[in-house]
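Please keep the sequence and the view of the structure at hand while reading.

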Amino acid sequence: MSTNLAYAQPQPLQTPGQRPSHIEIVTTRAQRKARPRALYAVVTVASMFVILAAQLLLSIVVTQGAYQIDSLQDQQKLLNRTEQNLLESLALQSSSQNLAAQAAGFGMIPNAAPYSLNVANGSVFRLPGSADPTGCGGKCGLVGNTLLTGMPLVSTEVAAAAKAAKATAAAAAATTVASSSTSSGTAASSAAPEAANNAIPAPVTR
Amino acid sequence: MKPRSTRARITFVVFTIVALTAVFMVRLIDLQVVQAEALSAEADTKRTLTRVTYGTRGDIVDTRGAVLADSVERFDIVISPRVTLLRENASVVVLEDLTKITNVIGGDPTALLTTILESPESDFEYLAKGITLEQYQTVVELDIAWLYYELRPERSYPNGEVAGNLVGFIGTDGPQAGLELTKDECLASQDGEASYARGEDGVALPGSSVDILEQKDGGTLKLTIDRDLQFYVQQRMAQTAEALGATWATGVVMRVSDGHLLAVSDWPTVDPNNVNLSDVGDLGSRAFSTPYEPGSTIKALTAASLIDSGSANQRTQVVSPYALELANGGGVISDSFYHADQRLTLAGALVESSNTAIAQYTDLLKASARHDYLQAFGLGEKTGVGFNGESSGTLHDASQWDARTNYAVQFGQGLSATSIQMASAYQTLGNDGVRLPPTLVEGCYWPDGSVTDTPSTDGTRVISKEASEQTLQMMEMVYSSSGSAPNLQIPGYRVAVKSGTAQVAESGGYGDKVVISYAGIAPVDDPEYVVIATAGIPDTIYSGVIASTFRDIMAQTLTTYRVTPSGSSGPDLPLRW
C-alpha cells in the first residue's frame, strides 16, 4: 500500500544554548520524494472550486424548480377549482327538477302505456306506466329547487338559435339572388340543411 | 535573557487575546446553546407563514351516485377600510373601483362606499360574501390592490327538495338536521395547517413547506335512496296531499330483500338550499319522527299472528255484526259503515276491513302473545336507522291494555307507529316472515378506500314462511275484491295490499280527524317492494285518492326496477260462508 500523505521525519531537538553547528544534515532522496508536490495542491484547490460551482448551479436549479412548483401548484389549485365548479354545475343541470322541466320544455311527456318485450318467448307485455298522461297529475313542479331559479330552458334557446340560423340562411339566400352567381347558390343550399340540423322538430303529437 | 518590558508586552497581548477569546466563546455558547431555540423560533416566525389548508366535507349521494349534497367553494372579498382610505382623493378613486366590482358581483357601489366610510379605522370588513368562482376570477383580474380574498367552503344541494327532509342542512353553526347532523362523523372534514418559509418575492422556499396538521377530507355518505324514484314519490305525494287537503303526507318505498329504503318522502318538504321557506315543524322527516295510529293496516299483522300461532287460518269463520259489545266492559265497537250481519272468513274480514270480525278473532290468542307479535314486527321500538328525532311509536305492555285497548290494538288504534315502522312490518310479511333492520345508509366511503357504517343484515324471524304466504294471499284478495280494487289495479302484477283509516286521538277522545293510508307488497309471487302512502288529517276522507296514489307509486317502482310481471294468477279464497 502506498500513500499520498507526506510524512515529516522526526528531527532531533536542538538544545537551546547550543551553538549552531556548521554541519547541516542533508535530506536523503527518499525524504525529498516524500514531500508534497504542487500538483496535489492544484488538484485540491481546483476540485474545491468545482464543488463550489456545482453547488451554486445546483442551488440555482433547485430555486428555479421552486418557482416552477409554485406556479404549477397555483395552476393545479385553479384547475381543481374549475373542476369543482363544473361538477357543481353538472349536478345542478342533472337534477331531477331541471331534467323534468327541460323535457317538458321540449314537449316530452311520460309514456302512459309503455310496453316491454319478453325475449324468452316473444310475448309483448304492457307495463303499468302512469294512468295520468301528464305524468304528474296535471300539476307538475311540486318538488321545488331554489337553485334552479333563472335556469334557462334549452328548448327556448334552441328555438332562438334556429330562428337566428333561419335568418342567416335567408340573408345568404338574398345574397345569392343579388350576386346571381352559381357559386353562392351552393353556399345557400349548404346553409339550409345546417339550420335544419340545429332545429329540434316541434312536437306535433300530444 | 529578554528584557523585562518585552516579556510584559507579550504577557499583555496573550492575556488580551485569551480574554477576548473567552468573551467570544461565552457569547458563542450563549447564542448557539443557551438562546438557540428561542432565537431560531423567532427567526422562523419572521421567515415562515402559516396558512389554513381546507379539508372538503364529504358528499351525500344516492344509491346510484347522484349527488344530493356537495361542498362548493365560494369566496369572500375582505378589505381594510383604514388602508383603503389612505390614498389620495380616496372616496373618488374607491368609488370608481367599487363600480367596477359591482358590475361583476352586483350591488350598489355608493352603498358599499358608505359602509367603508362608516368605519374608517377598521382593519377588517367584508365587502362581499360568497361570490362564485367566475365572479372571483373576474374581480381578481380587475387588479384592485386593496382587496383581499378568503375562501368560504359552502354546502350546495343540487336536487333541492328531493330528499331534502332526509339530507338535512347546514346552518352557520354547522349541521342542523337530518343526515348532515347524525352522520357528521362520516361527512365532517378537518382543516389542516401548513407552514412554509417564503423568500422576498413571496415564493415558498424549496423544501420549507411543512404540514403542521394535515387536512382531512370527509367521507362520502351513500344512501339507499334512489333519487329518481324519490322525486316521483315526492311529486305524487304532494299532489295527493293537495288533492285531499291533508296536513301532512308520507310515502315510503322499501326493498323487501334487504330492508333498504328506496324512497322516503315527506310533505311539506324542505329545500335545504333555503330552509327559511319552510315551517320549523317541516324541517325533519315525519316518516321517521311522527307516529300515528295506523288503523286497519295493522289487521294484516293481526291475521299473520293468528295464522302463525295456529289460532286461526284463512277460512276461520265468524259472524260479524255492524256493532259489537266487547267483553269485560270494553264498550261497543262498530264497523266504518252500516251492514247487516256478515258471515266472514279471516280473508273476508281483511277484505271488508271489519273491526267487529277482527275483535272476535282477537279472543283466539292471549294478549301477551299478541303483544309479542306486534313488538317482533318492530312496533314500539326505534328502527335502528338512528334518524334525527326518530320516534319509537307507542306499544304499551299487554298488562296495561284496558278492556277496549285489548281489542283496539289489533285493528290499529291504541298504539302508534311511524311510516318507516309500518314499512318494516310489511317487509317482514314479504320476506317470508323474517324482519330485516330498515336501512337508509349504505355506507360511508372514506377517501382512503375504506368503508364504514355498513348496515346490519341480521334478520329476525317473526312468523313462519307459511304464515307470511297465507297472509299475503289474503291481502291479495283485498287487491282483487275490495271496494277500492278498481283504483288499485296494476295490470300484470299480483299485489297484496291493505288500507287503513284511523281516527286521530285528540284531547282524550277520537274526533273527526283521521289518517288514511295504503300499504302493500308486490309482486306477491316473489315479493320485492313495499309501498306505503299515508296522508294525515285530510279534509276529505276519500280513500280512492290515496289508493290510486299507492298504485302509481307501486307501478313506478315496478317499472323503474324492471320487475318481471307475475307469472301466476292470484288465489281465490272464500270470503264468506
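The points below are grouped by topic, from the contact between chains to single residues.

The structure is a predicted model. Its chains A and B meet in a contact that takes 32 residues from chain A and 34 residues from chain B. The largest nonpolar core has 128 residues, and those with the most contacts inside it include Val252(B) and Val497(B).

- On the side of chain A that touches chain B, helix 2 (38-93), helix 3 (96-105) and strand 2 (124-126) of chain A each supply at least two residues.
- Helix 2 of chain A gives the most to this side, with 12 residues.
- By residue class, the side of chain A that touches chain B consists of 14 nonpolar, 13 polar and 5 charged residues.

**Nonpolar cores**

- As background, nonpolar side chains tend to be buried together in soluble globular proteins.
- Within the largest nonpolar core, of 128 residues, the most contacts belong to Val252(B), Val253(B), Leu350(B), Val495(B), Val497(B) and Phe550(B).
- Leaving aside residues up to four places away in sequence, Val497(B) touches Met475(B), Val478(B), Tyr479(B), Leu488(B), Tyr518(B), Ala519(B), Gly520(B) and Phe550(B).
- A second, separate core has 13 residues, among them Ile77(B), Leu127(B), Tyr136(B) and Val139(B).

**Helix packing in chain B**

- Two packed helices are described by the angle between their axes and the distance between the axes.
- The axes of helix 12 (residues 299-308) and helix 18 (residues 465-481) of chain B come within 9 Å and cross at roughly 140°; the two helices are therefore oblique to each other.
- The crossing of helix 12 and helix 18 of chain B is right-handed.
- Helix 12 of chain B contributes Ala300(B), Ala303(B), Ala304(B), Ile307(B) and Asp308(B), which meet Ala467(B), Ser468(B), Gln470(B), Thr471(B), Met474(B) and Met475(B) of helix 18 of chain B.
- Of the residues in this contact of helix 12 with helix 18 of chain B, 7 are nonpolar, 3 polar and 1 charged.
- Helix 4 (residues 90-105) and helix 5 (residues 109-118) of chain B have axes that come within 9 Å and cross at roughly 130°, and these helices are therefore oblique to each other.
- Helix 4 of chain B passes helix 5 of chain B in a right-handed crossing.
- On helix 4 of chain B, Ser91(B), Val94(B), Leu95(B), Leu98(B), Thr99(B) and Thr102(B) meet Pro109(B), Leu112(B), Leu113(B), Ile116(B) and Leu117(B) on helix 5 of chain B.
- The contact of helix 4 with helix 5 of chain B comprises 8 nonpolar and 3 polar residues, with no charged ones.
- In helix 15 (residues 367-376) of chain B, the buried residues are Arg370(B), His371(B), Tyr373(B), Leu374(B) and Ala376(B).
- These buried residues of helix 15 of chain B pack against helix 12 and strand 20 (460-461) of chain B.
- After helix 15 of chain B comes Gly378(B), whose phi is positive, near 105°.

**Backbone features in chain B**

- Most residues other than glycine have a negative phi, and most peptide bonds are trans.
- The peptide bond from Trp267(B) to Pro268(B) is cis, with omega near 5°; Pro268(B) is in the loop between strand 12 (261-267) and helix 11 (286-289) of chain B.
- A cis peptide bond also runs from Ala522(B) to Pro523(B), with omega near -15°, and Pro523(B) lies in the loop between strand 22 (509-522) and strand 23 (529-536) of chain B.
- Asp432(B), a residue other than glycine, has a positive phi near 55°.
- Asp432(B) sits in the loop between helix 17 (419-430) and strand 17 (434-435) of chain B, and is partly exposed, with 18 other C-beta atoms within 10 Å.
- Arg562(B) is not a glycine, yet its phi is positive, about 50°.
- Arg562(B) is found in the segment after helix 20 (543-560) of chain B and counts as exposed, with 8 C-beta neighbours inside 10 Å.

**An exposed residue of chain A**

- His22(A) lies in the segment before helix 1 (29-34) of chain A.
- His22(A) is exposed, because 5 other C-beta atoms lie within 10 Å.
- The C-alpha atoms of His22(A) and Val119(A), 97 residues apart along the chain, are separated by 126 Å.

Key: Residues are numbered from 1 along each chain as its sequence is written. Chains are lettered from A and ligands numbered from 1 in the order in which they are written. This is a predicted model: local features need pLDDT of at least 70, side-chain atom pairs count only at pLDDT 80 or more; totals for chains, interfaces and linings use all residues. Two residues are in contact if their C-beta atoms, placed from the backbone, lie within 7 Å. Helices (H or I, at least four residues) and strands (E, at least two) are DSSP runs, numbered from the N terminus. Ala, Val, Leu, Ile, Met, Phe, Trp, Tyr, Cys and Pro count as nonpolar, Asp, Glu, Lys and Arg as charged, and the others, Gly among them, as polar. Axes are lines fitted to C-alpha atoms, for helices over the stretch in contact, and angles run from 0 to 180 degrees between N-to-C directions. Angles under 35 degrees count as roughly parallel, over 145 as roughly antiparallel, 65 to 115 as roughly perpendicular and the rest as oblique. A crossing is left-handed if the near helix is turned anticlockwise from the far one by less than a right angle, and right-handed if clockwise. A nonpolar core is a set of buried Ala, Val, Leu, Ile, Met, Phe, Trp, Tyr and Cys residues joined through C-beta atoms within 7 Å. A residue is buried if 20 or more other C-beta atoms lie within 10 Å of its own, exposed if 12 or fewer, and partly exposed in between; C-beta atoms are placed from the backbone.
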